[in-house]
Amino acid sequence: MATATATGSATENGEWLTQARHLLVDLDGTLVRQQEAIDGAAGLLAHFHDRYAIVSNNSTHTAQGLAQRLRRLGLRVPPGRIVLAGELAVRQLAQQHPGARVLLIGSIALQRFARAEGCDLVQSGADFVLLALDMHFSHARLAAAANELLRGAKLMVTNADATHPGPQGRVVPETGSLLAAVIAASGVQPWRVIGKPAPLLFEEGLRRLGAEAASTVVIGDNPLTDAEGAARLGMACLLVGQAPGAVAPTVAGLFRPSSSVAATEEKSPQYLLSESTSKVWRNVRTEVS
């Protein structure tokens, strides 16, 4: 099986999927847009049944909470088949730095998860600042993060995506947008970025499936994270959406003749990586030791 991003007609891409033993599937922009499932998502997951894992840079939800949300959208996914950047970042800190003091900028759900994993969450005197997607990010939280970093705390980031696609062509600001503000305020670059295109999420997805990279296809919509991350591990990648190299507007198009798809599918915006956060990929060590 090829290890570069796949190209060709939707029929040929359907053949790629037929040959794939396992799938690693992105979430936002690939299976869902905020509170709606994307055309073809349910069919794709049903077709592969127990041979897929969702691998997402999502750092707002836990796998348990996300499984419930997806069920309401008609996507039945066991929590054990959901690999999230936020949860893995918390586990990395809890397992590799037990007893560390952590200033966590993130959702209430992620904070609860961190406490359950044994993290010591603090407001000052932190050893680490863990930056995740925080819908209530404020000037006060920015100041707290910047001053802890200037005091010597290390910056761990769940992912550096600036946006992800939302419904009706809108974009949803992501963790990378918050990261740009933190870098601007502190001058401190991340010590570690957990999410795609770094290998940790992909490797965890493969582990949970008992899968090999050579027989696994990644399906996503972001060439900077999904395609790049797949290439690093020698996996094939099919891109959907409107990004360069996309083979279909949605996952539904992977099983349809390409001529019947283009006229009917809604265009989704490309992911964005801001200038400041794109520098992260050139400067920060993203490998997990």
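Two strands are taken to pair if DSSP finds at least two bridges between them, and helices (H or I, at least four residues) and strands (E, at least two) are DSSP runs numbered from the N terminus. In this predicted model, local features need pLDDT of at least 70 and side-chain atom pairs count only at pLDDT 80 or more, whereas totals for chains, interfaces and linings use all residues. Residues are numbered from 1 along each chain as its sequence is written, and side-chain values use heavy atoms, with hydrogens and water left out.

**Overall make-up**
- The protein contains 10 helices and 14 strands, and 55% of its 289 residues are buried (under 20% relative accessible area, 1.4 Å probe, protein chains only).
- Of the contacts (heavy atoms within 4.5 Å) with a separation of 6 or more, 72% are between residues 24 or more positions apart.

**The parallel sheet**
- An open sheet of five strands runs in the order β5-β4-β1-β13-β14, with parallel pairing.
- β5 (82–84) and β14 (236–239) are the edge strands, each with a single partner strand, so one side of each has no neighbour in the sheet.
- Neighbouring strands of this sheet are turned by 25° against each other on average, direction ignored.
- β13 (residues 216–220) pairs with β14 in the parallel sense over four bridges, and Gly220 stands opposite Leu239 in β14.

**Helices across the strands**
- Helix α4 (residues 85–96) lies across β4 (52–56) and β5, at about 65° to β5, where axes are lines fitted to C-alpha atoms, for helices over the stretch in contact, and angles run from 0 to 180 degrees between N-to-C directions.
- Helix α9 (residues 223–232) lies across β13 and β14, at about 155° to β14.

Key. Buried means under 20% relative accessible area, exposed over 50%, partly exposed in between (1.4 Å probe, protein chains only).
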